[in-house]
Amino acid sequence: MTTTISTHTLANGLKLVHVPQPQRVGWCGLVVNSGSRDDAPNLFGQAHFVEHTIFKGTTHRRACHIINRMETVGGELNAYTTKEGTVLYSVFPEPYFNRAIDLLADLVMYSVFPDTEIQREKEVVLEEVYSYRDAPSEAVFDDFEDLIFGADTAMGHNILGTEAHIQAISSAHCSQYLKQQYVPENMAFFYLGPAPAHRVFRKAEKCFGAMHHSLCRTPRTTPPILAPQHRVVNIGSHQSHTIVGARIPNMYHESRFALALLNNLLAGPGMNSLLNVQMRERRGLVYTVESSIAAFTDCGLMEIYFGCEQSKVEKSLHIIGNTIDRLAQSPLSAAQLHAAKKQYCGQLLVASQNVEAMALGAGKTFLYWNRVPDIDHTVEHIQAVSAEQIRQAAEMLHPSKATILSFQ
């Protein structure tokens with residue numbers, strides 16, 4: 001049965017999207033077009049810190065009341081920050097939809113960021129920073145983005161920020177960020193569950209209709225494309241963590257479907273991906289290899305990560321380079337192209353059954369694309385990708401254009 005997704009935009013510019021699902025659990029939340037690239041230049045980590053401290057008190061509720069508001073009925077309240085976005089959301093037994101949306105509205109409209117809570121949360125966030133630095137398989141991604149985008153640029157710095165910047169963030173900085181970034185025109189509200197669209201939209205109007213402040217931030221600047229680098233960092237470990245990657249076009253570019261197919265073909269989640277077969281199954285060189293795409297509104301990044309013993313790094317890099325070079329030199333055969341599309345479209349269908357991903361995806365798609373998610377639309381575009389387009393996509397990741405970072 002086809003799911004009819006409904007959308008609406010409030011007079012103040014807040015986008016609303018409703019996904020009907022006949023189940024006893026509901027999801028709702030806000031997607032904010034504001035992330036670490038929107039941090040103040042001297043306050044790296046600001047967006048992430050606001051995401052943490054937005055739960056620490058409002059004019060109506062203390063931190064303990066916020067924590068317990070959804071938990072006491074079996075629900076959850078959660079949030080996360082990315083380079084370009086922040087998401088606040090709740091999952092709850094369906095009778096408690098009003099409780100969830102009221103709480104979300106309270107957080108984005110009336111958070112007060114108490115000084116005592118700010119100081120306490122700094123210790124929590126700093127522990128998170130230290131834990132990432134103690135995990136080379138995580139830290140290598142942050143350092144790689146510094147190489148690709150530039151360490152001191154809005155896109156390049158770590159989402160969590162640095163110790164000095166975190167210590168410098170004040171309650172006033174948090175309040176200012178909330179007022180300037182968490183504004184109607186910069187957000188989308190999503191709901192997934194059994195409540196009818198008219199009820200959800202009416203409640204959203206009641207909760208968020210009073211918001212009328214406008215977006216006020218420094219215009220985003222696309223980071224320049226830097227020369228490829230090959231850097232080795234000695235971490236004193238027998239295990240190596242390596243990333244090979246390059247800049248790609250933004251999320252709206254026509255090449256996005258070919259890049260998605262290429263990414264899946266190279267080292268997607270399937271055990272039969274080209275690099276997993278060549279590097280792990282046949283040769284036992286690596287314990288893991290995976291590729292990923294991060295597409296932003298004005299730029300993008302494709303990465304291949306692998307973990308192995310130090311002595312196997314060069315051989316692994318050689319195989320990756322040869323594989324990409326072949327794809328960039330010779331288009332896939334008709335049979336290979338058909339198989340790649342069949343597998344990827346099947347994975348899309350399976351992934352579409354993930355309720356959390358469906359809920360969050362609805363909000364993101366409507367915010368960034370002004371349309372609703374449609375798996376048939378995606379499949380149609382995937383099926384239209386040609387072998388030549390995949391070849392051109394492989395050229396973007398060609399060894400001559402790739403940056404390499406290896407923690408050894």
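Is Phe92 buried or exposed? I looked this up before anything else, keeping in mind that the model is predicted. Phe92 has a relative accessible area of 1%. That is under the 20% cut-off, so I noted Phe92 as buried.

**Entry: aromatic pairs**

I searched the whole structure for aromatic pairs and found seven. I looked at the pair of Phe92 and Phe97, with ring centres 6.3 Å apart and planes at 35°. I recorded the pair as tilted, because an angle has to be under 30 degrees for stacked and over 60 for edge-to-face. Phe97 is buried as well, with a relative accessible area of 0%.

I then turned to Tyr252 and Trp369, which form an edge-to-face pair. Their centres are 4.8 Å apart, and I noted 65° between the planes. I placed Tyr252 in the loop between strand E8 (239-248) and helix H9 (256-267), and Trp369 in helix H13 (residues 355-369). The two positions are 117 residues apart in sequence, so the pair ties together separate parts of the chain. Tyr252 is partly exposed at a relative accessible area of 35%, and Trp369 is partly exposed at 27%.

I also followed the ring pairs onward from Phe92 and Phe97: they link these two residues and Tyr191 into a cluster.

**Entry: helices H1 and H4**

I compared the axes of H1 (residues 46-53) and H4 (residues 115-133). They come within 10 Å and cross at roughly 120°. How are H1 and H4 oriented to each other? I wrote down oblique, because the perpendicular range ends at 115 degrees and roughly antiparallel needs over 145. The crossing of H1 past H4 is right-handed.

I listed the residues in contact. From H1 they are His48, Phe49, His52 and Thr53. On the H4 side I found Ile118, Glu121, Lys122, Val124, Val125 and Glu128. By class, this contact of H1 with H4 has four nonpolar, three polar and three charged residues.

**Entry: Arg62**

I located Arg62 in the loop between H1 and helix H2 (63-71). Its relative accessible area is 59%, and I noted Arg62 as exposed.

How values were computed. Residues numbered from 1 in each chain as written. Predicted model: local features only at pLDDT ≥ 70, side-chain atom pairs only at ≥ 80, totals over all residues. Heavy atoms only, no water. Axes fitted to C-alpha atoms, helices over the stretch in contact; angles between N-to-C directions. Helix = DSSP H or I, 4+ residues; strand = E, 2+ residues; numbered from the N terminus. Parallel < 35°, antiparallel > 145°, perpendicular 65-115°, else oblique. Left-handed = near helix turned anticlockwise from the far one by under 90°. Contact = heavy atoms within 4.5 Å. Nonpolar A, V, L, I, M, F, W, Y, C, P; charged D, E, K, R; others polar. Phe/Tyr/Trp six-rings, centres within 6.5 Å; stacked < 30°, edge-to-face > 60°. Buried < 20%, exposed > 50% of the residue type's maximum accessible area, 1.4 Å probe, protein only.
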